[in-house]
Amino acid sequence: MPRFALPVALLCAALLPTATLAQQDKFFDSNGVRLRYVEQGQGQPIVLLHGNGNTLQSWIDAGVFKNLAADFRVIGFDARGHGKSAKPHDPKQYGPEMARDVVRLLDHLSIPKAHIIGYSMGAGTTLQLLTMNPERFLTAVLGASAGRFGAWTDANQREAELEASEREKECISRSQMIRLAPTSGPKPTEEDLQRLSKACFADPNQDRFALAAVARSRGANVVDRQRAAAVTVPTLGIVGTLDGNLARLQELKKLRPSLQLVIIDGAVHGSGDARGTMRHPRFVAAIREFIAAQGKSTQP
């Protein structure tokens, strides 16, 4: 096992066994972009949004997909630029378009309202959706990220451009990996980074120019503080104590006191790490408890 937690799919693909889902890949056209999705189970619909550089497989490997599919209709899809979905290279094809893809998928499946669960990048998309199309969601979960709210600064722009440039050059983003590594413990070594860069280049589902475009679109994902505070869809945040995004979720909690927040001791950001928040038993248990509680609150 590695000496640190990586925040991307590469660690999971290289070091952990891959679970499978006994469902065929399906595809739909989202305003000219072909997107892959899978679904399983029956009941209220839940849409799962994965993290940056990852795919819907992360939910399967973590056991979340199978767990929830026992009682819900669970739908996961590869975000544009990821996995088996189409990968435009124009940054304008990302940003809010990634949120609109979710609404188009719901329309494609004739689903009027669903629960939505986002992890890392997917949590950012979820926050956008709660301000763009709140009427389409029963509940929301922000996993390991508060999304982007507040101002988009010059420093943010420089960080995004650095990550994009790193992606174009090495397929991975060194600065992103260091930023999302556990707040306590060793950071990735040069050997780690070179190994994962090589694995990324070898992965047919990774397109470094598409991932660079995702990074460059980041400023278009920002939600202003007033809109973030005004969200009325019941929302749960789940994050680990060793995740650098903890402080931002705590800040969102202050901005919007109705946000419920679960903090998992010792959990890290990376979804492929055994200590990752997504893989902790408390993650899916908290989601189940939250959805059940919201259902009871709406009963007469």
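Is Leu106 buried or exposed? With a relative accessibility of 1%, Leu106 counts as buried, where buried means under 20% relative accessible area, exposed means over 50%, and partly exposed lies in between (1.4 Å probe, protein chains only).

## Basis of the model

This is a predicted model, in which local features need pLDDT of at least 70 and side-chain atom pairs count only at pLDDT 80 or more, while totals for chains, interfaces and linings use all residues. Residues are numbered from 1 along each chain as its sequence is written, and side-chain values use heavy atoms, with hydrogens and water left out.

## The chain as a whole

The protein chain holds 12 helices and 8 strands, these being DSSP runs numbered from the N terminus (helices are H or I of at least four residues, strands are E of at least two). Its radius of gyration, taken over C-alpha atoms, is 18 Å, close to the 19 Å that the globule rule gives for 300 residues, so the chain is as compact as a globular protein of that length; the globule rule is 2.2 Å times the number of residues to the power 0.38. Along the principal axes, the C-alpha trace spans about 60 × 40 × 35 Å.

Of the 300 residues in the protein chain, 56% are buried. Among the contacts (heavy atoms within 4.5 Å) with a separation of 6 or more, 73% come from residues 24 or more positions apart. The accessible surface of the protein chain, from the Shrake-Rupley method with a 1.4 Å probe, comes to about 12500 Å², and carbon and sulfur atoms account for 51% of that surface.

Leu106 belongs to helix H4, which covers residues 96–108. Leaving aside residues up to four places away in sequence, Leu106 touches Val47, Ile111, Ala114, Arg136 and Phe137. The C-alpha atoms of Leu106 and Ile75 are separated by 9.7 Å, although the two residues stand 31 residues apart along the chain.

Pro112 sits in the loop between H4 and E5, and with a relative accessibility of 59% Pro112 counts as exposed. Again not counting residues up to four places away in sequence, Pro112 touches Glu135 and Arg136. Pro112 and Leu138 are 26 residues apart in sequence, and their C-alpha atoms are 9.9 Å apart in space.

## Aromatic rings

The model has 4 aromatic pairs, counted for rings of Phe, Tyr and Trp (its six-membered ring) whose centres lie within 6.5 Å, with planes under 30 degrees apart called stacked, over 60 edge-to-face and the rest tilted. One of them joins Phe28 and Tyr37 in an edge-to-face arrangement, at 6.0 Å centre to centre and with 70 degrees between the planes. Phe28 is buried at 4% relative accessibility, and Tyr37 is buried with a relative accessible area of 4%. Elsewhere, Trp59, Tyr119 and Phe283 form one aromatic cluster.

## Two residues with positive phi

Most residues other than glycine have a negative phi. Asn31, which is not a glycine, has a positive phi of about 50 degrees; Asn31 is found in the loop between strand E1 (26–30) and strand E2 (33–40), and counts as exposed at 57% relative accessibility.

Ser120, also not a glycine, has a positive phi of about 55 degrees. Ser120 lies in the loop between strand E5 (114–119) and helix H5 (121–132), and is buried, with a relative accessible area of 15%.
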